[in-house]
Amino acid sequence: MRFVIVTGMSGAGKSSAMKILEDDGYFCVDNLPVSLLQTFVTLMEGSSEQLDRVALGLDIRAGSSAIAEAGPAISTMRKEGYPLEILFLEADQKVLVKRYKETRRMHPLGNGGRVDSAIEEEAHLLRDLRKQADYIIDTSNLLIRQLKQDLDRIFVKDEDFCNFYLNFVSFGFKYGIPSDADLVFDVRFLPNPFYVDSLKPLTGNDKDVYDFVMADEKAGIFLNKLRDMLEFLVPNYIAEGKTQLVVAIGCTGGKHRSVTLTNAIYKEFEKSNYASRKEHRDIEKDRVRNNVIRQ
């Protein structure tokens, strides 16, 4: 039997994860009292219904004292041979606060106080479960479909999974630097396709623009140095407990050079041991503005 405990920060997507696992054929039970955990697992293993995949939701709603007991209880059960896996979902504190404001929901530990303080308290209470987690997924920048892809890789296809995400983002400086960027690189030193009439309406996703940008020797040198730096940094970030890195690459409008280099560096890490994603934040903005002007 495959038994998965789904836990993590409130607002990080635990309910969505449970729904995805249920759609994938898992028998799901949410918010079971911690005191019944071992009894529940034993019953599932001996069930006449021959359940082979079970997911149990466990979070702060069980109560502060119960969550404090959960870590030691799971550790003991694992030592006794129970096949438990832990999926821990988390997100940046600013993202969690924003989600609570948007949904107007009360944090389980809020008691009418500030959400920030409740989130910090929850993170402290869940620290033991996080340390024991087999899989940690940061949902700060994830769409539901991306979360489903990750969960399917782990719990359906049984593929190897790394708890570290590399997020590559192209952007235009005139629209501002991405607020969640960990590393920011400026590629405005490269020749600008914007000033080539045939390339101006295209983007870095088009082969002609890509070839134009990468034909410059400096682009290749930049790509190699960026790859080498990330290969050095990422293992050290992982050693310090970091679960994701947002690498932002910018040019003037976020349409040509930054898109090209983001695609190029993403390709370098696409098949690595790290989960890699790319996003072109501003690629359509100039195009939309031009359409408005023509009207």
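**Stop 1: Gln132**

Select Gln132: its relative accessibility is 16%, so it counts as buried (under 20% relative accessible area, with exposed over 50% and partly exposed in between; 1.4 Å probe, protein chains only). The model is predicted, so local features need pLDDT of at least 70 and side-chain atom pairs pLDDT 80 or more, while totals for chains, interfaces and linings use all residues. Residues are numbered from 1 along each chain as its sequence is written, and side-chain values use heavy atoms, without hydrogens and water.

Gln132 belongs to helix α6 (residues 127-132); helices are DSSP runs of H or I of at least four residues, strands runs of E of at least two, numbered from the N terminus. Show its contacts (heavy atoms within 4.5 Å): beyond four places in sequence they are Gly71, Pro72, Ile74, Ser75, Arg78 and Ile86.

**Stop 2: helix α7**

Select 144-155, which is α7. Buried residues here are Gln146, Leu147, Asp150, Leu151, Asp152, Ile154 and Phe155.

**Stop 3: confidence**

Colour by pLDDT, the predictor's confidence in each residue from 0 to 100. The protein's mean is 89, and 96% of its residues reach 70 or more.
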